[in-house]
2 protein chains.
Amino acid sequence: MAFKIGLLGLGTVGTGTAQILLDPSGRNPLLEEIVIHRVGVRSPDKPRSVEFLSGVMTTDLESIVNDPDIDIVVELLGGLEPARSLILQAINHKKHVVTANKAVIARYGDEIYAAANKAGVYVLLEAAVGGGIPIIKPLKQSLGANRINNIIGIVNGTTNYILTQMTLYGADFDDVLAEAQQLGYAEADPTADVDGLDAADKIAILASLGFGGKVKREDVYCEGIRQVSAADIIYADKLGFVIKLLAIAKGSRGEASETLQLRVHPTLVSKTHPLANINGVYNAILVEGSPLGQVMFYGPGAGAGPTASSVVSDVMNIVAILKSSGPVQTLDPLLSCVHQHYCQITPIEAIETRFYARFLTEDVPGVIGYLGTSFGQHQVSLESIVQIGFQGELAEIVVVTHNVCEGNFRKALAEIHSLEAINSIPSILRVL
Amino acid sequence: MAFKIGLLGLGTVGTGTAQILLDPSGRNPLLEEIVIHRVGVRSPDKPRSVEFLSGVMTTDLESIVNDPDIDIVVELLGGLEPARSLILQAINHKKHVVTANKAVIARYGDEIYAAANKAGVYVLLEAAVGGGIPIIKPLKQSLGANRINNIIGIVNGTTNYILTQMTLYGADFDDVLAEAQQLGYAEADPTADVDGLDAADKIAILASLGFGGKVKREDVYCEGIRQVSAADIIYADKLGFVIKLLAIAKGSRGEASETLQLRVHPTLVSKTHPLANINGVYNAILVEGSPLGQVMFYGPGAGAGPTASSVVSDVMNIVAILKSSGPVQTLDPLLSCVHQHYCQITPIEAIETRFYARFLTEDVPGVIGYLGTSFGQHQVSLESIVQIGFQGELAEIVVVTHNVCEGNFRKALAEIHSLEAINSIPSILRVL
């Protein structure tokens with residue numbers, strides 16, 4: 001008996017998925033039992049690099065999620081609608097769902113998993129985070145014995161490519177972005193990537209899995225990389241750091257007062273840290289837990305082939321369950337999502353972190369003293385304060401703090417900003 | 001209803017496993033349904049850092065594998081016997097088995113999986129390779145959509161620690177080994193580690209999973225690190241390499257003439273390669289497949305906590321299946337092992353690889369010419385041939401080849417060895 005899938009979307013990832021399923025030799029033999037029954041597309045006349053028997057392709061996406069012959073719906077449309085509605089319809093028709101759609105899951109995961117649990121179907125999403133990197137299933141299944149303390153990821157390939165190019169060539173953000181758009185590594189509207197929104201979707205999903213609670217997407221504090229300048233990258237390098245856009249979920253599993261930090265921002269990462277060497281469009285996710293210690297998952301974070309690899313693995317996973325247990329009676333608790341409570345989120349002002357800040361000041365005596373005093377008055381302890389050089393008439397000073405409370409740091413900055421000798425504060429970055 | 005496990009062995013990993021199971025808060029809630037029913041030890045009076053109710057501990061290991069109340073037997077004895085017999089008995093009593101025992105699985109996997117498939121029970125072994133790194137389940141479940149081409153691992157922490165120390169401090173093998181033994185990173189009898197046998201067990205297991213066939217442990221070609229000298233590490237460094245003990249499985253999935261290379265040996269790895277930066281007791285496994293590309297899994301390759309994390313994840317996995325499907329009717333094909341055929345293995349003489357070789361020669365004119373000519377006559381194409389310096393009266397020459405057939409290279413070496421001008425060939429290493 002073959003298992004029938006309905007594919008929604010035949011873009012890059014949809015095509016990659018079909019190519020694997022249509023050419024199973026040399027892969028897991030389970031793939032030979034999977035048939036693409038229907039494919040839903042929006043533009044039927046577009047030239048495609050995969051071919052289907054006539055009648056397989058349709059523009060009527062609803063007919064796929066309602067088709068009684070289909071066991072598994074694979075949603076690869078992207079975007080919020082109609083993806084969300086079609087996923088919910090598929091679930092209500094008792095179809096298992098595989099999706100690569102981080103935006104829908106990060107925003108409507110609650111609604112989708114409630115429906116899936118009620119219908120007794122799986123919604124798997126390995127491809128939604130880290131492209132081809134196995135991270136969702138390992139986090140659910142293999143690391144669950146641990147108290148997870150940290151999940152820190154480079155989960156957006158576009159921004160990692162831009163930052164890597166800026167680091168290698170001393171180039172400015174705008175120039176590298178334009179080049180990345182030409183090469184197809186960044187979209188015409190790069191907002192979701194460069195402003196950190198895509199990374200925020202992904203860390204919301206990972207945090208929910210790692211910390212065992214629901215996460216509201218809007219609770220993720222988010223800064224993109226537009227403000228990162230070539231100058232900061234050079235100063236970071238001199239201080240022994242590289243700058244990476246990190247998505248961070250940090251908690252204290254097992255403690256009564258547990259709250260979760262959830263944030264995406266450009267971050268100075270020590271060159272000796274495992275994440276410092278993740279370059280170009282590659283992604284990596286570091287998970288820290290007890291008693292495990294640190295593990296890191298590294299690989300291609302996007303692209304047709306890697307993402308399709310994850311999509312098909314989810315399909316295989318469901319087929320393997322259907323083959324071994326028959327129709328699902330009770331969902332496997334390690335593959336479903338049964339969180340009841342929402343994670344408590346630490347407000348950004350209350351987090352403790354190290355900071356890097358760059359100041360432009362008048363070239364008058366005592367400026368470093370003013371800065372030091374202001375920080376000290378707000379309990380901000382400094383690791384270093386260095387006058388790097390001059391920009392025209394202005395002195396350029398870089399400060400790195402010890403671990404401090406973000407709220408105190410911000411208060412000190414506000415005070416410093418009002419000092420007459422301070423011209424501007426072009427960069428404020430966190431340090432891992 | 002609680003699920004009952006019987007623990008065989010209460011050494012480092014057994015104790016770590018018990019500690020997780022006895023203190024489940026903040027971990028996956030499934031752990032609260034797991035009870036340690038019996039613990040089998042060999043020395044009941046040894047002081048332990050975990051406590052059990054009286055009657056839980058026993059020296060009668062057979063009574064555990066026969067106990068009708070026990071659902072899952074966790075074998076953490078290590079060694080071949082009685083581990084193998086107890087695993088088989090547990091299986092015959094329809095108990096699922098979780099083991100960290102790479103030696104038993106690499107040698108008796110065939111017998112054990114045949115019994116398990118007949119009995120309809122799972123034998124899971126996440127902890128057998130890579131300690132706390134999730135690699136077995138990802139390879140079975142998440143990467144199965146790919147045609148796997150390469151699995152390359154640093155899978156032995158002891159040798160990686162020794163090589164890292166030799167690299168950092170220019171120290172010699174024997175000194176670092178003695179220090180590692182003092183620190184507990186190497187055993188009193190270091191044979192299994194330093195001669196590559198442990199790594200060979202592990203790559204045999206990974207190859208079987210990645211390439212979908214049975215693997216005979218004795219088919220793994222194996223060289224340890226005893227011959228690696230401080231001098232080679234320094235020359236490798238100058239050439240842009242670090243030396244790592246790699247376990248390699250290399251195939252060509254999907255091709256009719258598919259054969260598998262299976263080998264463990266010290267290897268020159270380019271400093272820009274992801275495996276080059278894996279240092280100390282850490283492990284990493286790189287998997288290359290199509291259409292995925294490269295993914296790498298990195299983490300602590302040994303130790304009580306990390307290994308116990310993997311052991312408990314396997315226990316949870318079985319409990320999750322029992323909870324959702326009830327008694328197993330048909331095994332999940334992604335979690336069981338159903339290979340019928342043995343992988344065809346490429347003899348070591350037939351592999352193609354790059355080589356590094358170091359020669360001590362008389363200081364006479366024309367030696368480099370002799371070397372070049374001999375290699376050329378055996379179709380061994382050279383990338384570089386450099387006289388590095390002198391050792392006493394003797395000239396020291398280092399050769400790096402292009403990709404060549406190992407058999408041809410060996411023939412050239414035999415010829416070169418017989419040349420009068422050649423004093424000795426202290427090192428022959430492969431290059432990744």
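**Entry: a charge network in chain A**

I started with linked charges in this predicted model. Glu223(A), Glu406(A), Arg410(A) and Arg430(A) are linked in a network of salt bridges. I then asked for the total over all chains: how many salt bridges are there? The count comes to 40.

**Entry: Arg84(A) and Glu111(A)**

I picked out one pair in chain A. Arg84(A) and Glu111(A) form a salt bridge through their side chains, at 2.9 Å from N to O. Which parts of the chain does the pair tie together? Arg84(A) sits in helix H3 (residues 83–92) and Glu111(A) in helix H4 (residues 102–119), so the bridge joins parts that are 27 residues apart in sequence. Glu111(A) is partly exposed, because its relative accessibility is 33%.

I moved to chain B. Glu81(B) and Arg84(B) meet in a salt bridge, side chain to side chain, with 2.6 Å from N to O. Glu81(B) has 44% relative accessibility, so I noted the residue as partly exposed.

The peptide bond between Glu81(B) and Pro82(B) is cis, with omega about 5°. I placed Pro82(B) in the loop between strand E4 (72–75) and helix H3 (83–92) of chain B.

**Entry: Asp198(B) and Lys102(B)**

I looked up another bridge in chain B. The side chains of Asp198(B) and Lys102(B) form a salt bridge at 4.0 Å, N to O. This pair links distant parts of the chain, 96 residues apart. Asp198(B) belongs to helix H9 (residues 197–211) of chain B, and Lys102(B) to helix H4 (residues 102–119) of chain B.

Is Asp198(B) buried or exposed? Asp198(B) is buried, because its relative accessibility is 10% and the cut-off for buried is under 20%. Lys102(B) has a relative accessible area of 24%, so this residue counts as partly exposed.

**Entry: His96(B)**

I checked a histidine in chain B. His96(B) is in strand E5 (residues 96–99). His96(B) counts as buried because its relative accessibility is 6%. What lies 2.9 Å from a polar atom of the His96(B) side chain? I found the backbone nitrogen of Tyr122(B) there.

**Entry: Ile203(A)**

The relative accessible area of Ile203(A) is 1%, so the residue is buried. I also took a C-alpha to C-alpha distance. Ile203(A) and Ser310(A) are 18 Å apart in space and 107 residues apart in sequence.

**Entry: surface patches in chain A**

I searched the surface for like charges. Glu362(A), Asp363(A), Glu393(A) and Glu420(A) gather there in a patch of negative charge. I followed up on one member, Glu420(A). Its place is in the loop between helix H13 (406–417) and strand E17 (422–431) of chain A. Glu420(A) is exposed, because its relative accessible area is 78% and the cut-off for exposed is over 50%.

Next I searched for nonpolar side chains. Which residues form a nonpolar patch on the surface? Leu183(A), Tyr185(A) and Val281(A) do, with about 260 Å² of accessible area together. I placed Val281(A) in the loop between strand E10 (261–270) and strand E11 (282–290) of chain A. With 34% relative accessibility, Val281(A) counts as partly exposed.

**Entry: backbone of chain A**

The bond from Ser290(A) to Pro291(A) is a cis peptide bond, and omega is near 10°. Pro291(A) lies in the loop between E11 and strand E12 (293–300) of chain A.

I also noted positive phi values in residues other than glycine. Lys94(A) has phi near 65°. Where is Lys94(A) found? I located Lys94(A) in the loop between H3 and strand E5 (96–99) of chain A. Lys94(A) counts as exposed because its relative accessibility is 56%.

Gln379(A) has a positive phi too, near 60°. Gln379(A) is in the loop between helix H12 (367–377) and strand E14 (382–391) of chain A. The relative accessibility of Gln379(A) is 59%, so I logged the residue as exposed.

Definitions and conventions
Residues numbered from 1 in each chain as written. Chains lettered and ligands numbered in written order. Predicted model: local features only at pLDDT ≥ 70, side-chain atom pairs only at ≥ 80, totals over all residues. Heavy atoms only, no water. Patch = residues over 30% accessible without salt bridge, like charges linked within 9 Å, V, L, I, M, F, W, Y side chains within 5 Å. Areas by Shrake-Rupley, 256 points an atom, 1.4 Å probe, with all protein chains shown as cover. Lys, Arg positive; Asp, Glu negative; His and termini not counted. Charge placed at Lys NZ, Arg CZ, Asp CG, Glu CD. Helix = DSSP H or I, 4+ residues; strand = E, 2+ residues; numbered from the N terminus. Buried < 20%, exposed > 50% of the residue type's maximum accessible area, 1.4 Å probe, protein only. Polar contact = N/O pair within 3.5 Å; in protein donor to acceptor, adjacent residues only side chain to side chain.
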